[in-house]
Amino acid sequence: MHKKRVFSGVQPTGNLHLGNYLGAIKNFVELQNKFECVYCIVDLHAITNRQDPKELKSNVLETVASFVASGLNSEKNIIFNQASVAAHSELAWIFNCVARIGWMNRMTQFKEKAGANKENASVGLMVYPNLMAADILLYKATHVPVGEDQKQHLELTRDIAKKFNNDFNCDNYFPIVEPLISKEIPRVMSLRDGKKKMSKSEDSDMSRINLKDDKDLIEQKIKKAKTDNDSIPSEVNGLKNRDEAINLISIYASINNIKLEQVFKEFGGKNFSTFKSKLSESIIEKICPIGDEMKKLLKDSKYLHDILKKGSKNAGLIAKINLKEIYEIIGLTKFS
Ligand code: TYM
């Protein structure tokens, strides 16, 4: 049996939004009271697309600030950045040699991100899921809280763990990770198009609620959010083929920690304008204090650096022990 340990990561690519919060960070906070947790700012993943060096540094700090402002305790959890622990890259190389090209070719996120010009995407973008598997398995994590968009990458992590355990005759060495995906809202969708996920890279800022948006902007974005002409239904069947309505109702349920049924009870038969003003209120109540706290924390970069230094040291200690075991299993020797 493996000791229960949570691992998850967020890319420091700016524009942290409600999808990151409801899909991941909110769950990180809940899990800190139940498990030993390791939360990583995955800067090596970020450079699979071109990043401005200055912005990358400040986005790392902004991501730490978002963790702390959302309620993650930096004493209790390991919070660190991936570039501080070289073992991530070392294990990723090993997994490049375990994973099969056919597995990579099936990754839908690569296809989406590379777009039509696949030949021009970085090799790093293609083998990105192997680095993600390395992040998780380096700590022998058993549980990984993520949004649904990461599910396929976690399936690949499970395949890599199984193949490694099998190839090197070390039954059960790597755990087979369990994804933890929010039931209320596995995927927060764009406010402009209920078929697209809410995303940092979407051109229109009106498509997402950023953690640093102020009250007026949130009100404006929710007011303009796309809906349909029908009213709020009284039961789940009334949401069939209504992507935008499902999205807004699910956001309301998730942000208030209530079940969908409760939303139907409260708003069934009412029109969207009544619902939208309540939705804005709920988002403002939850998100604005986080944004305000982030802005405050960002003025104290020493405090944020200290969190990263301490977290990186602690992550590095676990990583060193595990990488040594992994090298031994494979037959690799470090003479220096
Ligand atoms: P990233 O940085 O794109 O997103 C961070 C987390 O936010 C979730 N998320 C969403 N959840 C619901 N609805 C949305 N619209 C939405 N957008 C983003 C993501 O699912 C994620 O949980 N590959 C990962 C980072 C990563 C990682 C890891 C995660 C690297 N190594 C190891 C877990 C374990 C990513 O790009 O997340």
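**View 1. Glutamine 150 and other residues around the ligand.** In this predicted model, an N or O atom in the side chain of glutamine 150 is 3.0 Å from a nitrogen atom of the ligand, which makes the pair a polar contact (a pair of N or O atoms within 3.5 Å; within protein, one must be able to donate a hydrogen and the other to accept it, and residues adjacent in sequence count only if both atoms are side-chain atoms). Aspartate 149 places a polar side-chain atom 2.5 Å from an oxygen atom of the ligand, while a polar backbone atom of glycine 19 is 3.2 Å from a nitrogen atom of the ligand. The ligand is surrounded by 27 residues, and the closest are Gln11, Tyr128, Asp135, Asp149 and Val188; a residue counts as near if one of its heavy atoms lies within 4 Å.

**View 2. Helix α9 against helix α12.** Two packed helices are described by the angle between their axes and the distance between the axes. Helix α9 (residues 215-224) and helix α12 (residues 272-297) pack at about 145°, with axes 9 Å apart; the axes are lines fitted to C-alpha atoms over the stretch in contact, and angles run from 0 to 180 degrees between N-to-C directions. Helices are DSSP runs (H or I, at least four residues), numbered from the N terminus. From α9, Lys215, Ile218, Glu219, Ile222, Lys223 and Lys224 meet α12 residues, among them Leu279, Ile283 and Ile287, where contact means heavy atoms within 4.5 Å.

**View 3. Serine 70 in helix α3.** Serine 70 lies in helix α3, which covers residues 53-70. Serine 70 is buried, with a relative accessible area of 11%, since buried means under 20% relative accessible area (1.4 Å probe, protein chains only). A polar atom of the serine 70 side chain lies 2.6 Å from the backbone oxygen of serine 66. Not counting residues up to four places away in sequence, serine 70 touches Tyr21, Ile25, Val29 and Ile290.

**View 4. Isoleucine 255 in helix α10.** Isoleucine 255 belongs to helix α10 (residues 243-255) and is buried, with a relative accessible area of 7%. Isoleucine 255 and lysine 286 are 31 residues apart in sequence, and their C-alpha atoms are 7.4 Å apart in space. Leaving aside neighbours within four places in sequence, the contacts of isoleucine 255 include Leu18, Leu22, Ser282 and Lys286.

**Notes on the views.** Residues are numbered from 1 along each chain as its sequence is written.

Notes: Predicted model: local features only at pLDDT ≥ 70, side-chain atom pairs only at ≥ 80, totals over all residues. Heavy atoms only, no water. Helix = DSSP H or I, 4+ residues; strand = E, 2+ residues; numbered from the N terminus. Buried < 20%, exposed > 50% of the residue type's maximum accessible area, 1.4 Å probe, protein only.
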